[in-house]
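User: I have a model open and want to go through a few residues with you. Can we start with the terms?

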Amino acid sequence: MTADIRADREALLVELVDEHGLATGARSVAEAHRPPGQLHRAFSVLLYDLSGRVLLQRRAAVKTRFPQRWSNTCCGHPAPGQDPADAAVIRLAEELSLTAAQLTEAGIYRYRAADPCGDQVEHEWDHVLVGVISDGAPRPDPAEVSECAWADPVELLGHISAAPDTFTPWLRGVLDIATRTADFTASGSSGAARSADPSASDGPHAEPRDPAARRAAR
């Protein structure tokens with residue numbers, strides 16, 4: 001990815017939100033990630049295969065925040081007023097040339113994380129989106145993703161605990177939200193939703209999906 005392309009992405013607008021996830025305005029990506037970080041809307045996608053493994057990506061070395069770390073399938077920011085799932089479909093195609101038949105919102109992960117390698121802070125109201133893919137291999141854009149791998153979710157949690165700096169700081173929370181909210185079986189169908197206990201303001205917590213209410217707030 002050239003410096004010009006990175007600069008263009010940093011100039012895109014993201015949607016600022018309050019502590020309830022309601023839109024309060026917009027800032028550029030660069031402005032929203034300057035310390036101490038402004039809370040803004042984001043999405044994190046976890047795609048599963050039919051055996052229940054999750055697809056991970058390793059972020060490219062040229063990424064502005066948390067480069068070369070393993071993370072969930074795809075991340076990004078919806079434009080102000082854009083539905084997170086719609087934005088996620090676009091990013092999946094751009095980064096990995098993948099299409100998910102359906103993305104389901106599993107909950108919200110609110111977190112703050114400072115990148116130790118630079119002057120950048122993630123402070124996100126993160127919509128966790130899950131889906132199942134039955135065929136097709138990812139074809140990563142090398143400007144965004146250096147490599148991909150499939151991982152067993154339980155084994156992945158162990159790897160994150162053993163070597164946290166190898167992974168993005170939001171991966172564990174995203175994985176927790178996804179796995180406690182829905183079961184993915186060998187048939188590729190999602191099971192009944194489980195209840196989730198909300199945690200502290202900057203920790204993982206599940207929010208009921210209410211797209212109509214969210215659109216009305218924008």
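Analyst: Contact means heavy atoms within 4.5 Å. This is a predicted model: local features need pLDDT of at least 70, side-chain atom pairs count only at pLDDT 80 or more, and totals for chains, interfaces and linings use all residues. Residues are numbered from 1 along each chain as its sequence is written, and side-chain values use heavy atoms, with hydrogens and water left out.

User: OK. Which residues does S28 touch, beyond those up to four places away in sequence?

Analyst: E10, A11, L12, L13 and V14.

User: And where does S28 lie?

Analyst: In strand β2, residues 23-28. Helices (H or I, at least four residues) and strands (E, at least two) are DSSP runs, numbered from the N terminus.

User: What separates the C-alpha atoms of S28 and E10?

Analyst: 6.5 Å, with the two residues 18 apart along the chain.

User: Is S28 buried or exposed?

Analyst: Buried, with a relative accessible area of 12%. The cut-offs: buried is under 20% relative accessible area, exposed is over 50%, and partly exposed is in between (1.4 Å probe, protein chains only).

User: Switching to aromatics. How many aromatic pairs are there?

Analyst: The structure holds 3. One of them is F66 with W170, edge-to-face, at 5.6 Å centre to centre and 85° between the planes. Rings of Phe, Tyr and Trp (its six-membered ring) pair if their centres lie within 6.5 Å; planes under 30 degrees apart are stacked, over 60 edge-to-face, the rest tilted.

User: Which parts does that pair tie together?

Analyst: F66 lies in the loop between β4 (54-59) and β5 (70-71), and W170 in the loop between α4 and α5, so the pair ties together parts that are 104 residues apart in sequence. F66 is buried at 2% relative accessible area. W170 is buried too, at 2%.

User: Which residues form the aromatic cluster?

Analyst: F66, Y109, Y111 and W170 form one cluster.

User: What about T168, where is that found?

Analyst: In the loop between α4 (153-162) and α5 (171-181). T168 counts as buried, at 3% relative accessibility. Leaving aside neighbours within four places in sequence, T168 is in contact with R59, F66, R69, W70 and S71.

User: Last topic, cysteines. How many disulfides?

Analyst: The count comes to 0, where a disulfide is a pair of cysteine sulfur atoms within 2.5 Å. For C74, the nearest cysteine sulfur is that of C75, 6.6 Å away.
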